[in-house]
Amino acid sequence: LPELKAVLINEHHLEKTLKNKSLEVLQELAVTKGVATDYEFQKVKEGWLGKPKGMLQILFERGHINPSIEKPSTYFAKEGRIHPITGQATPETSLMDMMDLQKDFKKEECYMMWLLGKQ
């Protein structure tokens, strides 16, 4: 309804005519003016195109993060979750430790280094 009103106001200058009109009246007016009354919108699932991925996403895509873990962002930590008894970081929950095992990422230059190298 707001989109239809906007088209009728912007393209046909009908501000005063549209005040407090029902949907049926607006649709009838739109048809007489040749304005479409049905619009199809394709819902797009947002992805990673053009966006930086974090360690968790990269490891998940490579199969190192178990998909059955409900909230992996709370289970894993950059340097590992601290064990409540020992007070030490647990390596199996460390994103950094898991990334260190990815041979192609060891050779990869970070964006900042790449940017500095361009100068």
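This is a predicted model: local features need pLDDT of at least 70, side-chain atom pairs count only at pLDDT 80 or more; totals for chains, interfaces and linings use all residues.
Residues are numbered from 1 along each chain as its sequence is written, and side-chain values use heavy atoms, with hydrogens and water left out.

Let me begin with helix 3, residues 23–33, where helices are DSSP runs of H or I with at least four residues, numbered from the N terminus. The buried residues of this helix are Leu-26, Leu-29 and Ala-30, and by buried I mean under 20% relative accessible area, with exposed being over 50% and partly exposed in between, using a 1.4 Å probe and protein chains only. These three cover an arc of only 100° around the axis, which puts them on the same side of helix 3; the arc is that of the directions from the helix axis to the C-beta atoms. On the other side, Glu-24, Glu-28, Val-31 and Thr-32 are exposed, and after the helix comes Gly-34, with a positive phi near 75°.

Now to the salt bridges, of which the structure holds 3, each being a side-chain nitrogen of Lys or Arg within 4 Å of a carboxyl oxygen of Asp or Glu. Lys-51 pairs with Glu-46, with the closest N and O atoms 2.0 Å apart; Lys-51 is partly exposed at 35%, whereas Glu-46 is exposed at 64%. Glu-61 and Lys-53 form a salt bridge at 2.7 Å, N to O, and Asp-104 and Arg-62 form one at 2.6 Å, N to O. Since Asp-104 lies in helix 7 (residues 103–107) and Arg-62 in the loop between helix 4 (55–61) and helix 5 (72–75), that pair ties together parts that are 42 residues apart in sequence.

Which residues make up the largest nonpolar core? There are 7 in all, namely Ile-58, Leu-59, Ile-65, Phe-76, Leu-95, Met-98 and Met-99, where such a core is a set of buried Ala, Val, Leu, Ile, Met, Phe, Trp, Tyr and Cys residues joined through side-chain atoms within 4.5 Å. Helix 4 and helix 6 (95–100) each supply at least two residues of this core, and the largest share, 3 residues, comes from helix 6. Not counting residues up to four places away in sequence, Phe-76 touches several residues, among them Ile-65, Leu-95 and Met-98, with contact meaning heavy atoms within 4.5 Å.
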